[in-house]
Amino acid sequence: MNKVSFNPFHSAATALHAWLREWRDYLGELRYYTRPRFALADLLLAWLYLPHNAYRVSRTFLEQRGEADVFRYGETPLRILAHIVKRCDLQPGHRFFELGCGRGRTCFWLHLVAGLTTFGIDYVPTFVHKAEWLKTRLLGDRQGLRFVLADVRDVDFTTADAVYLYGTGFDEGLIGDLITAMADLHRDAWVITASYPLTDWPECTFLQLVDQIEVDYTWGRTHLYLHRRT
Ligand SMILES: C[S@@+](CC[C@H](N)C(=O)[O-])C[C@H]1O[C@@H](n2cnc3c(N)ncnc32)[C@H](O)[C@@H]1O
């Protein structure tokens with residue numbers, strides 16, 4: 001049997017490295033605070049999660065559902081979204097669907113900084129209710145940013161110009177069902193996934209993988225896969 005050795009120096013170095021990366025991202029993202037409405041939304045969102053952070057909210061939700069793996073939450077650094085917007089040439093008014101939007105920070109950025117019409121979809125009620133509450137307080141009934149409590153498989157994709165999925169922990173069956181639902185996308189719509197391409201699934205007969213880009217999430221390097229509806 002293989003022995004697993006614990007090296008405290010290695011563990012401490014790994015933790016320090018992750019912490020430094022998190023701070024690098026955070027400080028880099030302060031440049032978006034030149035947009036006062038985004039700065040306000042971001043600070044208020046952070047305040048809303050002071051009692052229980054988003055990782056804990058997600059973990060509690062998954063525990064209540066009896067899921068085996070409850071540590072699935074993570075957030076996309078804003079610089080990766082900026083990269084997606086540029087690479088896909090997304091322009092103000094384009095409709096962006098974020099599947100599994102978490103607490104919605106990315107959606108506020110996509111709408112308030114990139115100018116996209118943004119729909120955040122998540123099945124965790126706390127995430128959607130807090131994000132929608134904040135959006136209504138800051139922006140009123142504005143239709144260009146909406147948060148929807150739903151399972152990603154139940155989304156109507158007919159109007160989406162771009163779909164983003166950072167679906168760590170999505171099981172294979174769920175992704176297969178999601179791909180089937182995405183058959184309604186219009187021609188040339190973008191589908192961007194982190195870590196795995198959808199073309200690995202047999203259901204994926206209508207998406208073409210056009211590019212893959214190496215990116216740096218807080219937890220390490222992975223690829224973004226860019227597909228287009230044929
Ligand atoms: C890894 S987090 C990504 C959060 C956010 N998209 C980001 O990139 O910062 C995945 C999110 O997907 C949500 N999620 C997982 N399965 C889902 C499903 N079947 N329907 C809706 N949301 C789901 C989780 O609640 C979680 O908020």
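These legends walk through close-up views of a sheet and of some helices in a predicted model.

Residues are numbered from 1 along each chain as its sequence is written. Because the model is predicted, local features need pLDDT of at least 70 and side-chain atom pairs count only at pLDDT 80 or more, while totals for chains, interfaces and linings use all residues.

View 1. Strands here are DSSP E runs of at least two residues and helices are H or I runs of at least four, numbered from the N terminus; two strands pair if DSSP finds at least two bridges between them.

View 2. Look for I121, which stands opposite V148 in strand 3.

**View 3. Helix 2 packs with helix 5.** The axes of helix 2 (residues 36-48) and helix 5 (residues 105-112) come within 10 Å and cross at roughly 170°. Axes are lines fitted to C-alpha atoms, for helices over the stretch in contact, with angles from 0 to 180 degrees between N-to-C directions. The two helices are therefore roughly antiparallel (an angle over 145 degrees). R37, F38, A41, D42 and L45 of helix 2 meet R105, F108, W109 and L112 of helix 5; contact means C-beta atoms, placed from the backbone, within 7 Å.

How values were computed: Angles under 35 degrees count as roughly parallel, over 145 as roughly antiparallel, 65 to 115 as roughly perpendicular and the rest as oblique. Two residues are in contact if their C-beta atoms, placed from the backbone, lie within 7 Å.
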